[in-house]
Amino acid sequence: MQAAECTWTHFEMLRPLCFKSPSTTPLFFNFSKHFQKGFSDSSFFRSNRRISNYPSFMATISSLSTHKDPVSTHDATPNITHQPVQVAKRLEKFKTTIFTQMSMLAIKHGAINLGQGFPNFDGPDFVKEAAIQAIKDGKNQYARGYGVPDFNNAIAARFKKDTGLVIDPEKEVTVTSGCTEAIAATMLGLINPGDEVILFAPFYDSYEATLSMAGAKVKCITLRPPDFAVPIDELKSTISKNTRAILINTPHNPTGKMFTREELNTIASLCIENDVLVFTDEVYDKLAFEMDHISMASLPGMYERTVTMNSLGKTFSLTGWKIGWAIAPPHLTWGVRQAHSFLTFATSTPMQYAATVALQAPDSYFAELKRDYMAKKAILVQGLKDVGFKVFPSSGTYFVVVDHTPFGLENDIAFCEYLIKEVGVVAIPTSVFYLNPDDGKNLVRFTFCKDEETLRSAVERMKEKLKKK
Amino acid sequence: MEGKLSSVAKNFTPSSIQELSQLAQKCNAINLAEGFPDFPAPPCIKEAAVSAINNDFNQYRRVQGICDQLALKMKKTHGLNVNPLTDIAICCGQSEAFAAAIFSIINQGDEVLLFDPCYETYEGCITLAGGIPVYVALEPPQWTLDPEKLMRSFTSRTKAIVLNSPHNPTGKVFSRDELEIIAEGCRRWDCVAITDEVYEYITYDNQKHETIAKLPGMQERTIITSSLSKTFSVTGWRIGWAIAPASAASAIQNIHIRITDSAPAPFQEAALTALRSPIEYFETLRGEYELKRDFCMKLLGSIGFRIQFKPQGSLFLFAELPKDCLLSDVEYVEELIKQAGVVVVPGRGFFHGNESCNYQKRYIRVAFCKSGATLNAAAQKFGELINAKACPKILY
């Protein structure tokens, strides 16, 4: 496999990394060379008028050459006051990230990758075979924009099984290219420029990016170790009648936290009181280990104001198929469908047929999935504890967040670099999941969506080479 | 709760093409409306996809090989030098490539020029990004471009112009002279050209598709979007791309990653096989579609149409209703479904702007990307009507 093909596409954030030796990341170096070449040669960028409309490109170029963080002046509420700032904000979120660079670094050093949020094993045969059959049966043309009817039905049936809620697959289900697109379509379809949206940090990076595309005003509430509980008082003082929506990811990437019934009830009553929408990202709902997963939509009075989003990828280890969906009452589904129709128009047809089969998998499939992941988790968590990390409890997802400070590195990024180069293991620096990077500087994220041998090897390497200071 | 819809979403209406398709399904009508094939995709490409699934190409990926192939094609076909490492973004179909291109370029209040008639989705994208669509009407019956009208449409707020060639719905292929005129406008007003070239391999009568990017001063200000869908009859696979100067391509890739993260992985693998198809594949494709085009023209001729503009490319015939026909396009289409059991698309959905132009309600679009069996079935239906002389409303 060529190096470039291993490039992370599962992006996680945007601040440029202070690499000491850019030449170790050849792909990145090519990018920077071409940014500069493109900027100076192209008349498109030469005109002064145009340059003033592209502060983001300038910001990108300056960040590449000086390795400084152009967004260090971020506060919790990026205020969009006039057009140039809005442009800069929108495109500032869309720079190439350190993850591409780390990916390259990892390959160069032959590091074991426990950073990437996708499995190194494949999905179940019965789902793959269904996709193959669909291709052979000629299901290769445009699907209905909001989903293949059988698939919409299967989504509704699964939702009923999981939550008890009965929904109309024709009017309340929209199929999208992964949950990522469901989030983008929900933001663009339901959020007006200037609307306030509450986000919990740390967060999956596409949330902030798409909120910025929608022109939203982001209000961030930070979840803190050791249990990353929702700070209720802070929430109460942040939410108001001006809040348009709140975004909840449960089970939560990167911490593995699962929102408790108490937390969800409190958030629900605040939302009802202030007429706030809720957008939930529940892609890890089948990887719920320490407690039952609860969908916000199933709480009293909440279905009518909730968009529930999910996908195939994590549950069936087929992250590259890009099959996701959004479930919402008709008056919210409308906006989601409109935006979706202009973003991608339709979703991959054969994979929808396969996903229909997948969602009808017997209970035994999900039970075995959980058992397998719990075994993997045990290997990793025990290993990390033995090595000397402070490991925070993770109730769900296939992620675990740890405190790396016992090893004496100055911050999470420095630690991750050290871990790749000196130990040969990849983790993700969590500062990239926060609006204020300082909030994450003590924490890094490991994933256990890898086969057991890989996990054991990684633990061995760390035991051997990672020494406490 | 209605108030919770964004102002942009409230203005959107459902796709008329998709609604008609549903009516046609109800009546079991022969579908000459939607622009996708009802015949199978090429076997070797399907096999490549099956193979990819079996070989575990199922996680997030970005297949660099696609970019390498595209760069080779751009050089061979258009003489353009494209850097496969920096100038290409892989997206979920041309749809997403276009959306990401718009989001990468358009700020609130920017104007975007579009030729009228045009594919209905461009406007929605532009509006979603805060842009303002400005239409430049092509003049019937030959859909000619008026240079003065075009130049008058550029303002200091114009950021981009959208160029779809070969053109949906008319089948027009913009000539080199017309491309020069558009290029002149872009250079003079310092604008970006965003092209939709999905029908690039479907041209007729020895006409060749040319990309505006190869004109002087254009490569640095052009974003080309295209896809596998129409060339390889796999509209449901969602594999497309944008080719642009590095900074734009990078922005597009980064936006794509936030919208969908990755194009479907096994189909990216299959794209490698598709893009390596021998030249005979493309020649056969063109030849077969040309036969279908000719057949369709005869078909409409038999029920009284006088086709004034022969499609030079794309999968569509855009035909004006016979002069004696007093029905509007929508009325005609409904009659055709009910009496002939054939569905086509009323042309009005492709027109925008000036409501007083009568001709906007006088066109139908016929898709001929259909199997021989389908086209023959349509011919048979028409034949029955002609023989029975039963339907004055659709026979002229």
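In this predicted model, the centres of domain 1 and domain 2 of chain B, taken over C-alpha atoms, are separated by 24 Å. Domain 1 of chain B comprises 2–41 + 280–390, and domain 2 comprises 43–278; such bounds come from an automatic or database domain assignment. Their contact (heavy atoms within 4.5 Å) draws 39 residues from domain 1 of chain B and 43 residues from domain 2 of chain B.

Local features need pLDDT of at least 70 and side-chain atom pairs pLDDT 80 or more, whereas totals for chains, interfaces and linings use all residues. Residues are numbered from 1 along each chain, chains are lettered from A in the order written, and side-chain values use heavy atoms, without hydrogens and water.

Two packed helices are described by the angle between their axes and the distance between the axes. In chain B, the axes of α11 (residues 279–302) and α13 (residues 372–388) come within 10 Å and cross at roughly 15 degrees. Helices are DSSP runs of H or I with at least four residues, and strands are runs of E with at least two. α11(B) and α13(B) are therefore roughly parallel to each other, a term for angles under 35 degrees. Contact residues include F295(B) and L299(B) of α11(B) and L375(B) and F382(B) of α13(B).

In chain A, the unreviewed UniProt entry annotates residues 112–461 as "domain: Aminotransferase class I/classII large"; such annotations may be inferred rather than shown by experiment. The end C-alpha atoms of residues 112–461 of chain A lie 9 Å apart, and the span is 42% helix and 16% strand.

Technical notes: Axes fitted to C-alpha atoms, helices over the stretch in contact; angles between N-to-C directions. Parallel < 35°, antiparallel > 145°, perpendicular 65-115°, else oblique.
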